[in-house]
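Me: I would like to learn how to read a protein model feature by feature. Can we work through one together?

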Amino acid sequence: MQYLSELTPAEVFISTNKKATHREYLKITFIDLLFKQVLKTFEVERQINNSDKVRIYTYVTSGPNFKNYHFKNHEKFFLDTFAQDDSIEILFRNLVKIGYQKSRSLSNLKNELINIPTLKKCFSQNIFQKIVNSYHITEYGKELKRKVEKEIQSLNSKYSSLNTIDHQEAIALIKVIGGNIFLLENISYDLLDKIDSDLAKQMNKKETDSDYSGCSGCGWNFDTYSSDFDSGCSSGSSSGGSSGCSGCGGCGGCS
């Protein structure tokens with residue numbers, strides 16, 4: 001899996017999927033950073049006063065690989081804040097909002113992607129296209145698209161249903177292709193929930209802090225993560241629930 005192991009999910013999206021949304025780019029980038037242990041999540045139980053229910057708040061902080069990770073243009077929307085202070089802890093939904101605000105728009109995010117050194121030969125821009133954040137796919141880019149799609153098709157054939165991939169195979173695949181695992185037809189957040197404990201054990205081998213339990217935090221499942229990410233991406237969203245976010249205040253702010 002040469003290309004799926006080298007390219008981030010967002011790089012695969014811009015090379016192969018014209019219909020990917022702003023939200024999908026951000027979501028797959030964030031979970032890829034969790035898989036790579038550049039970021040990690042943890043949960044905190046809080047009760048404001050005795051009459052309130054205990055609420056669970058999910059926070060994000062830098063992971064064990066953060067300091068040695070050379071992040072790319074499109075990953076900076078989540079990582080810039082931690083670059084200023086890698087000990088900061090940011091409420092999950094607030095970090096989603098930060099990523100959304102810093103990336104500004106889908107066209108701006110794509111413009112960051114096409115200027116990544118590994119993709120620069122795949123796209124060209126004339127003066128007008130630079131102004132409107134548009135681009136043209138080169139022959140080199142078309143060939144890369146064919147090669148990436150061939151790798152995806154190969155994995156889709158190998159894992160033609162959920163029953164054809166077991167826990168250890170999924171974990172081994174994640175170690176190679178990271179968040180690109182979600183580009184496969186039969187891989188879902190629900191599947192990752194099923195292997196969550198095994199996945200946490202594997203990704204926790206480098207961890208010494210017992211307060212954290214792997215990339216998915218203290219029992220926080222990927223399906224919940226996915227829906228919370230979607231609701232957190234909504235502009236101006238201040239819905240309640242387990243994230244506890246109301247606007248862009250809270251830990252970490254919207255710097």
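Reply: What follows goes from the overall fold to a helix pair, some salt bridges and a surface patch. Keep in mind that this is a predicted model.

Me: How many helices and strands does the protein chain have?

Reply: The protein chain has 12 helices and 5 strands. Of its 255 residues, 46% are buried. Among contacts between residues at least 6 apart in sequence, 66% join residues at least 24 apart.

Me: What is the accessible surface of the protein chain?

Reply: About 12,500 Å², and carbon and sulfur atoms account for 48% of that surface.

Me: At what angle do the axes of helix 2 and helix 3 cross?

Reply: Helix 2 (residues 9–16) and helix 3 (residues 22–35) cross at roughly 145 degrees, and their axes come within 8 Å. On the helix 2 side, the contact uses Pro9, Ala10, Phe13 and Ile14; helix 3 brings Glu24, Tyr25, Ile28, Thr29 and Asp32. By type, the residues of this contact are 6 nonpolar, 1 polar and 2 charged.

Me: How many salt bridges does a search of the whole structure find?

Reply: The general idea is that side chains of opposite charge can pair when their charged atoms come close. Here the search finds 7 salt bridges. One of them joins Lys76 and Glu112, with the closest N and O atoms 3.2 Å apart. This pair links distant parts of the chain, since Lys76 sits in helix 4 (residues 76–84) and Glu112 in helix 6 (residues 106–114), 36 residues apart.

Me: Is Glu112 buried or exposed?

Reply: Buried means under 20% relative accessible area. Glu112 has 19%, so it counts as buried.

Me: Which residue forms a salt bridge with Arg146?

Reply: Glu143, with the closest N and O atoms 2.7 Å apart. Arg146 and Glu143 are separated by about one helical turn because they are 3 residues apart in helix 8 (residues 139–158). Helix 8 also holds Glu149 and Lys145, 4 residues apart, again about one turn. Glu149 and Lys145 form a salt bridge too, with the closest N and O atoms at 2.8 Å. Glu149 is partly exposed at 25% relative accessible area, and Lys145 is partly exposed at 30%.

Me: Which residues form a nonpolar patch on the surface?

Reply: Ile127, Phe128, Ile131 and Val132 do, with about 470 Å² of accessible area together. Phe128 lies in helix 7 (residues 127–131). With 57% relative accessibility, Phe128 counts as exposed, the cut-off being over 50%.

How values were computed. Residues are numbered from 1 along each chain as its sequence is written. This is a predicted model: local features need pLDDT of at least 70, side-chain atom pairs count only at pLDDT 80 or more; totals for chains, interfaces and linings use all residues. Side-chain values use heavy atoms; hydrogens and water are left out. Helices (H or I, at least four residues) and strands (E, at least two) are DSSP runs, numbered from the N terminus. Buried means under 20% relative accessible area, exposed over 50%, partly exposed in between (1.4 Å probe, protein chains only). Contact means heavy atoms within 4.5 Å. Accessible areas come from the Shrake-Rupley method with a 1.4 Å probe; for residues, only the protein chains shown count as cover. Patches are made of residues with over 30% relative accessible area and no salt bridge: like charges are joined within 9 Å, nonpolar side chains (Val, Leu, Ile, Met, Phe, Trp, Tyr) within 5 Å. A salt bridge is a side-chain nitrogen of Lys or Arg within 4 Å of a carboxyl oxygen of Asp or Glu. Axes are lines fitted to C-alpha atoms, for helices over the stretch in contact, and angles run from 0 to 180 degrees between N-to-C directions. Ala, Val, Leu, Ile, Met, Phe, Trp, Tyr, Cys and Pro count as nonpolar, Asp, Glu, Lys and Arg as charged, and the others, Gly among them, as polar.
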